[in-house]
Amino acid sequence: MSSRNSASLAQRAEKLTVIEGLSPGPELSIIIPTFNERDNVVPMIERLRTALRGIAWEVIFVDDDSADRTLDVVRDLSTQDRRIRGIRRVNRRGLAGACVEGILSSSAPIVAVMDADLQHDETQLAGMLEIIRQGESDLVVATRYGEEQSSDGALTAIRQAGSRVAIRAAQRLLNVKTTDPMSGFFMARRSVVEQAAPKLSNQGFKILLDLIASSPSPLRIAEIPYIFRPRMHGESKMDASVVMDYLGLLISKWSGDLISARMVLFGLVGSSGVVLHLAVLRLLLLQGATFSVAQLGAMLVAMVSNYTLNNALTYRDRRRRGWRFVSGLVLFSLLCSVGIFAGVGVSSLFYGNRSRWWVAGLAGAIIGSAWNYITNSMITWRHAR
Ligand code: GDD
Ligand code: MN
C-alpha cells in the first residue's frame with residue numbers, strides 16, 4: 001500500500017472516530033497460547049495493563065480447549081475490556097500452531113508471543129516494541145542467555161544441558177543468529193509471520209526457530225536479555241517429544257526443506273528399530289533359540305516398537321488410540337512386510353546386475369523405507385481422529 005493511501009486511510013479512521021465513536025485498532029497484539037492456565041489469566045492481564053501503559057495493545061489468548069476452562073476466564077474479562085480476546089481451538093493441540101493462528105487472527109502491525117504462566121518478563125515488552133518501532137529490526141528475541149546474565153535458573157540441569165546442545169546445533173547447522181532460538185518470548189512485525197506462515201509447522205515448541213529458518217528473506221534480529229522466572233501455577237507441557245520435534249525441524253531445514261520433519265522422525269524411529277532388532281536377535285541366540293525363531297522374535301519386537309514410537313512421535317497429531325491403535329499395528333505390519341519384500345527384490349536386482357554388495361543393500365533399504373514411509377503416511381496415519 002502506498003504511503004498516500006495509508007495516510008488517507010488514517011485520516012478516514014480519524015474522521016470515523018469523531019463521527020461514530022469508533023476507535024482504531026491496536027499497534028501491538030500479544031499472543032498467549034494456553035493449555036490449562038486458568039489461574040494465570042487474571043495476574044497476566046494485570047501485569048500487561050501495568051507494563052503497557054500508553055501503548056495501544058490487545059491480547060489474544062489461543063486456547064486448545066483446556067479442561068480447566070481457561071477460556072471462560074478470558075471471556076469474562078473480555079466483557080469488561082475489549083482489548084482482551086480469546087480463540088478456542090477444538091480437537092487440536094500444539095503450541096506453535098496456536099501461536100501462528102493467533103498472530104494471523106490479528107491486524108496489528110506488530111505482534112508478540114509469550115507464555116501464559118508468568119515466566120516471561122512482561123516489563124520487557126515496551127522496550128522490545130521500541131526496538132521494532134525504530135525500524136532496524138524485524139524481530140526481537142527476549143533471550144535467557146544474554147551477556148549480562150545466565151538466566152535459566154528456573155530450568156533443571158538436564159534441560160539446561162539439552163538447551164545448550166540444541167542452541168549450538170541451530171547456530172551451526174542453520175546459521176541462526178540468536179542466543180536463544182528456543183525462546184517462546186519474542187516480538188515481530190506481523191508481515192514476517194504472514195510471509196513465513198504457509199511453511200510453518202503446527203507442532204511442538206519451536207516456533208521461533210521455524211520462523212527464522214522459514215523466512216523467505218533473512219531477518220534482522222535484535223535481542224534483549226531477561227530473567228526466566230519460575231512457574232507459579234499449573235505445570236509445564238514440555239516433554240521428550242518436544243526435543244525430538246526440534247531435532248526433526250533442524251534437519252528438515254538443514255536439508256533445505258528437501259526432507260520433512262516427519263520423514264526425519266520416521267527415519268530416526270526406523271534406525272532405533274534396527275538397533276533393537278539386532279539386540280533382541282543377539283539376546284535370543286544367546287538364550288539358545290534357533291536362528292529363524294530368534295530372527296522372527298526380533299522382527300516382531302522391532303515392528304511393535306517402531307509402530308508405537310511412530311504413533312507417539314512421528315504422527316502424534318494423528319495418533320491412533322484404543323482399538324484403532326491395534327488395527328493400526330496390523331496395517332503397519334502388513335505394509336512394512338511388503339516394504340521388506342520390495343527392498344529385497346530391489347537389492348537382488350542390483351546385485352544380479354553386478355552392483356557392489358553395499359550399493360545393492362543400500363538401494364534395497366532406501367526403496368523399502370520409502371515404501372514404508374509413503375504408504376504408512378497415506379494409509380495407517382491418513383488423518384487425525
Ligand atoms: N494452545 C496451546 N496448545 N498452548 C500450549 C500448548 C498447546 O498444545 N502447550 C503448551 N502451551 C502453552 C502453555 O499453556 C504456556 O502458556 C506456554 O504454551 C508454554 O508452555 P510451558 O509448558 O509452560 O512451556 P515451558 O515453560 O516448559 O517451556 C518454555 O521454554 C521453552 C524452551 O525451553 C516456553 O517458553 C517455550 O515457549 C520454550 O520453547
Ligand atoms: Mn512455562
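Biologist: Which residues in α6 meet Tyr-246, Leu-250, Lys-253 and Trp-254 in α9?
Modeller: This is a predicted model, in which local features need pLDDT of at least 70 and side-chain atom pairs count only at pLDDT 80 or more, while totals for chains, interfaces and linings use all residues. Residues are numbered from 1 along each chain as written, chains are lettered from A and ligands numbered from 1 in written order, and side-chain values use heavy atoms, without hydrogens and water. With contact taken as heavy atoms within 4.5 Å, and helices as DSSP runs (H or I, at least four residues) numbered from the N terminus, the residues in α6 that meet those four are Ala-166, Ile-167, Ala-169, Ala-170, Leu-173 and Leu-174.

Biologist: How many residues of the contact of α6 with α9 are charged?
Modeller: Ala, Val, Leu, Ile, Met, Phe, Trp, Tyr, Cys and Pro count as nonpolar, Asp, Glu, Lys and Arg as charged, and the others, Gly among them, as polar. In the contact of α6 with α9, 9 residues are nonpolar and no residue is polar. The number of charged residues is 1.

Biologist: Are α6 and α9 roughly parallel or roughly antiparallel to each other?
Modeller: Axes are lines fitted to C-alpha atoms, for helices over the stretch in contact, with angles from 0 to 180 degrees between N-to-C directions. Under 35 degrees counts as roughly parallel, over 145 as roughly antiparallel, 65 to 115 as roughly perpendicular, and the rest as oblique. The axes of α6 (residues 157–174) and α9 (residues 240–254) come within 10 Å and cross at roughly 10°. The two helices are therefore roughly parallel.

Biologist: What does the angle make α11 in relation to α12?
Modeller: The axes of α11 and α12 come within 10 Å and cross at roughly 120°. That value makes the relation of α11 to α12 oblique.

Biologist: How many residues of the contact of α11 with α12 are polar?
Modeller: On the α11 side the contact includes Met-299, Asn-306 and Tyr-307, and on the α12 side Arg-324, Phe-325 and Ser-333 are among the residues. By class, this contact of α11 with α12 has 9 nonpolar residues and 1 charged residue. The number of polar residues is 7.

Biologist: Is α12 roughly parallel or roughly antiparallel to α13?
Modeller: The axes of α12 and α13 are 7 Å apart, and the helices pack at an angle of about 155°. The contact of α12 with α13 has 15 nonpolar, 11 polar and no charged residues. The angle makes α12, relative to α13, roughly antiparallel.

Biologist: Which element gives the largest share of the lining of the second largest pocket?
Modeller: A pocket is an open set of points on a 1 Å grid over the protein atoms alone, with protein on both sides within 12 Å along at least five of seven lines, and lining residues have an atom within 4 Å of a point. The second largest pocket is lined by 34 residues, and Gly-270, Val-274, Asn-306, Ser-369 and Asn-372 lie nearest its centre. The elements that give two or more residues to this lining are α10 (261–286), α11 (291–314), α12 (323–352) and α13 (357–380). The largest share, 11 residues, comes from α10.

Biologist: How many residues in the lining of the second largest pocket are nonpolar?
Modeller: The lining of the second largest pocket has 16 polar and no charged residues. The number of nonpolar residues in this lining is 18.

Technical notes. 1 Å grid on protein atoms, 1.4 Å probe; cavity = no way out; pocket = protein on both sides within 12 Å on 5 of 7 lines; lining within 4 Å.
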